[in-house]
Amino acid sequence: YLIGRMKDLGFSKAYKDEIGNAIGVMGEGEKQIVLLGHIDTVPGEIETRIEGNIFYGRGSVDAKGALACFVDAVASLGHTLRSASGASVRNGWQLVVIGALDEERNSIGARHIVDQYRPDFAIIGEPSRWDRVTLGYKGSAQAIVTVRRAMAHSASGEETAPEAAIAIWQKVHAWVDEFNADKKRIFEQILLSLRGFDSGDDGFETQATLHLNTRLPVTLLPETWYAKLEQLSAPERMERTGYPIPAYKADRNTSLVRAFLKGIRAAGGKPGFVVKTGTADVNIVAP
């Protein structure tokens with residue numbers, strides 16, 4: 001549907017790439033702007049409905065509004081600023097709209113395109129209110145800690161695998177609390193969450209597993225966090241999962257930021273800046 005929409009609006013090219021990202025191109029200039037949004041949603045079904053001017057349901061929020069804005073804005077600009085030959089946008093610009101896959105999981109869409117473009121400017125579509133400019137997103141790292149203990153009678157007093165796992169969780173949590181103690185802003189803190197806990201036995205050995213998700217500040221790289229987590233959970237097994245992503249924060253004094261501030265003011269808004277505690281495709285493509 002998205003590709004068809006871009007074709008109908010007169011994009012120079014609109015197609016699905018090798019992994020399924022929707023790509024729309026306007027113009028043939030050497031200078032390039034990439035406008036990146038994502039077309040996937042988190043799992044689950046929420047019925048869609050329209051009440052007045054408001055659309056409800058799964059997929060009605062997040063990057064979808066920004067992506068729709070990208071498509072129509074580029075189409076409008078392309079039709080207005082085409083050269084007489086119709087070959088390119090004024091001043092040699094090429095505009096590329098990308099509807100990426102899988103941002104809510106492992107960002108395979110952004111990872112696929114990250115080495116294919118070297119734009120002069122990149123704009124990431126995420127919900128931040130129309131009158132704010134988002135400068136940064138926290139990084140993320142996931143891990144599994146597994147504890148094993150020999151089976152013992154419940155009257156023996158010996159530590160069980162679940163007890164040992166809980167002790168590790170408390171130890172990690174205490175270190176994170178210490179790290180965060182002198183940091184007033186959430187963007188500067190580690191956000192640690194326990195996403196799952198499993199335990200069981202095979203009649204000879206008990207096992208307990210912690211599933212950890214961590215949102216990281218700019219000052220803490222995933223590699224550094226994993227090294228600390230491995231130290232805190234030793235001698236138990238710590239396994240990295242998913243794709244670790246460093247935090248990212250852009251400079252607020254750039255020509256792109258200034259253009260947004262000017263545009264917001266021109267539309268009657270009072271612009272502001274925001275940094276977010278989540279992680280997005282910007283963390284992958286911006287560096």
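1. On the surface, Ile 166, Leu 194 and Phe 197 form a nonpolar patch whose accessible area together is about 240 Å². A patch here is made of residues with over 30% relative accessible area and no salt bridge, like charges being joined within 9 Å and nonpolar side chains (Val, Leu, Ile, Met, Phe, Trp, Tyr) within 5 Å. The accessible areas come from the Shrake-Rupley method with a 1.4 Å probe, and for residues only the protein chains shown count as cover. Leu 194 belongs to strand S10, which covers residues 191-201, and at 36% relative accessibility Leu 194 counts as partly exposed. The classes are buried for under 20% relative accessible area, exposed for over 50%, and partly exposed in between, with a 1.4 Å probe and protein chains only.

2. The model is predicted, with local features needing pLDDT of at least 70 and side-chain atom pairs counting only at pLDDT 80 or more, while totals for chains, interfaces and linings use all residues. Residues are numbered from 1 along each chain as its sequence is written, and side-chain values use heavy atoms, with hydrogens and water left out.

3. As for the chain as a whole, it has seven helices and 14 strands, where helices (H or I, at least four residues) and strands (E, at least two) are DSSP runs numbered from the N terminus. The C-alpha trace of the chain spans about 85 × 40 × 40 Å along its principal axes, and of its 287 residues 41% count as buried.

4. Five strands make up an open sheet with mixed pairing, in the order S1-S2-S6-S3-S7. At the edges stand strand S1 (13-16) and strand S7 (121-124), each of which has a single partner strand, so that one side of each is left without a neighbour in the sheet. On average, neighbouring strands of this sheet are turned by 15° against each other, direction ignored; the axes are lines fitted to C-alpha atoms, for helices over the stretch in contact, and angles run from 0 to 180 degrees between N-to-C directions.

5. Strand S3 (residues 31-38) runs parallel to S7, and four bridges join the two; strands are said to pair if DSSP finds at least two bridges between them. Within this pairing, Leu 36 stands opposite Ile 124 in S7.

6. Aromatic side chains deserve a separate look, since a pair of aromatic rings is described by the distance of the centres and the angle of the planes. A search of the whole structure finds three aromatic pairs. In one of them, Trp 93 and Phe 121 have ring centres 6.0 Å apart and planes at 25°, so the pair is stacked. Because Trp 93 lies in strand S6 (residues 93-100) and Phe 121 in strand S7, this pair ties together parts that are 28 residues apart in sequence. Trp 93 counts as buried at 19% relative accessibility, whereas Phe 121, at 26%, counts as partly exposed.

7. For the rings of Trp 175 and Trp 225, the centres are 6.1 Å apart and the planes stand at 40°, so this pair is tilted. The rule behind these names is that rings of Phe, Tyr and Trp (its six-membered ring) pair if their centres lie within 6.5 Å, with planes under 30 degrees apart counting as stacked, over 60 as edge-to-face and the rest as tilted. Trp 175 lies in helix H4 (residues 161-180) and Trp 225 in helix H5 (residues 222-233), so the pair ties together parts that are 50 residues apart in sequence. Both Trp 175 and Trp 225 are buried, and ring pairs link Trp 175, Phe 179 and Trp 225 into a cluster.

8. A search of the whole structure also finds 11 salt bridges, a salt bridge being a side-chain nitrogen of Lys or Arg within 4 Å of a carboxyl oxygen of Asp or Glu. Among them is the one between Arg 5 and Asp 72, whose closest N and O atoms are 3.0 Å apart. Since Arg 5 lies in helix H1 (residues 2-8) and Asp 72 in helix H2 (residues 64-81), the pair ties together parts that are 67 residues apart in sequence. Arg 5 is partly exposed with a relative accessible area of 34%, and Asp 72 counts as partly exposed at 36%.

9. Arg 49 and Glu 51 meet through their side chains in a salt bridge of 2.6 Å, N to O; Arg 49 counts as partly exposed at 39% relative accessibility, and Glu 51 is partly exposed with a relative accessible area of 41%. Another salt bridge, at 3.7 Å from N to O, joins the side chains of Glu 239 and Arg 237. Finally, Arg 149, Glu 159 and Glu 236 are linked in a network of salt bridges.
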